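Please prepare a briefing on the structure shown below. Group the points by topic and keep them brief.

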Amino acid sequence: QVQLVESGGGLVQTGGSLRLSCAASGRIFSSYLAWFRQAPGKEREFVASISASAINTYYTDSVRGRFTISRDNAKNTVYLQTNSLKPEDTAVYYCAAGSLISTRPTDYTNWGQGTQVTVSS
């Protein structure tokens, strides 16, 4: 069972940046990893995902070109670099691990507890 712990969230002004990290307690080199986010009153939505080899990455349209997902299998860690942040990026950000690359939360079996990102206007 892989346990995931996110960090790096915080309060930032519009246009600012944050680097989110997700440390895994187990080995994740064979897992697909993703970031999701959930704003108050909204459903959890896909943000980005990365294949086990890190060759393939996927982004939702609203963050493409601003966010970058990466992973370091030696450190059992996945990252989300968020740049040019907007107020609509405000949400709790979750990392997830699964056995296939997908945009659906139900396809991921392991989740972290989340880290809050707040972007002020």
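Which residues does Val78 touch, not counting residues up to four places away in sequence? They are Leu20, Ser21, Cys22, Leu33, Trp35, Ile50, Ile69, Ser70, Arg71 and Cys95, where contact means heavy atoms within 4.5 Å. This is a predicted model, in which local features need pLDDT of at least 70 and side-chain atom pairs count only at pLDDT 80 or more, while totals for chains, interfaces and linings use all residues. Residues are numbered from 1 along each chain as its sequence is written, and side-chain values use heavy atoms, with hydrogens and water left out.

**Nonpolar cores**

- Val78 is also among the residues with the most contacts inside the largest nonpolar core, together with Trp35, Val47, Ile69, Leu80 and Tyr93.
- That core has 27 residues; a nonpolar core is a set of buried Ala, Val, Leu, Ile, Met, Phe, Trp, Tyr and Cys residues joined through side-chain atoms within 4.5 Å.
- Buried means under 20% relative accessible area, exposed means over 50%, and partly exposed lies in between (1.4 Å probe, protein chains only).
- At least two residues of the core come from each of strands E3 (18–24), E4 (32–38), E5 (45–50), E7 (67–72), E8 (77–82), E9 (91–98) and E11 (115–120); strands (E, at least two residues) are DSSP runs, numbered from the N terminus.

**The four-stranded sheet**

- Strands E1, E3, E8 and E7 form an open sheet of 4 strands in the order E1-E3-E8-E7, with antiparallel pairing; two strands pair if DSSP finds at least two bridges between them.
- Strand E1 (4–7) and E7 are the edge strands, each with a single partner strand, so one side of each has no neighbour in the sheet.
- On average, neighbouring strands of this sheet are turned by 15 degrees against each other, direction ignored; the axes are lines fitted to C-alpha atoms, and angles run from 0 to 180 degrees between N-to-C directions.
- E1 pairs with E3 in the antiparallel sense over 4 bridges, and Leu4 has Ala24 in E3 as its bridge partner.
- E3 pairs with E8 in the antiparallel sense over 6 bridges, with Ser21 opposite Tyr79 in E8.
- E7 and E8 run antiparallel and are joined by 6 bridges, and Phe67 stands opposite Thr82 in E8.
- Of the 7 residues in E3, 5 are buried.

**Pairing around E4**

- E4 pairs with E9 in the antiparallel sense over 7 bridges; the bridge partner of Arg37 in E9 is Tyr93.
- E4 also pairs with E5, again in the antiparallel sense, over 5 bridges, and Trp35 stands opposite Ala48 in E5.
- A hairpin is formed by E4 and E5 with 6 residues between them, and Gly41 in its turn has a positive phi of about 80 degrees.
- E4 is mostly covered, with 5 of its 7 residues buried.

**Disulfide**

- The structure holds 1 disulfide, which joins Cys22 to Cys95 with an S to S distance of 1.9 Å; the criterion is a pair of cysteine sulfur atoms within 2.5 Å.
- The link connects distant parts of the chain, from Cys22 in strand E3 to Cys95 in strand E9, 73 residues apart.
- The link of Cys22 and Cys95 is right-handed, with 45 degrees about the S-S bond.
- Cys22 counts as buried because its relative accessibility is 2%, and Cys95 counts as buried because its relative accessibility is 1%.

**Loop residues**

- Arg66 lies in the loop between strand E6 (57–59) and E7 and is buried, with a relative accessible area of 11%.
- Leaving aside neighbours within four places in sequence, Arg66 is in contact with Gln81, Thr82, Asn83, Ser84, Leu85, Lys86 and Asp89.
- Most residues other than glycine have a negative phi.
- Ala54 has a positive phi of about 70 degrees although it is not a glycine; Ala54 is in the loop between E5 and E6 and is partly exposed, with a relative accessible area of 34%.
- Asn76 also has a positive phi, near 50 degrees; Asn76 sits in the loop between E7 and E8 and is buried, with a relative accessible area of 18%.
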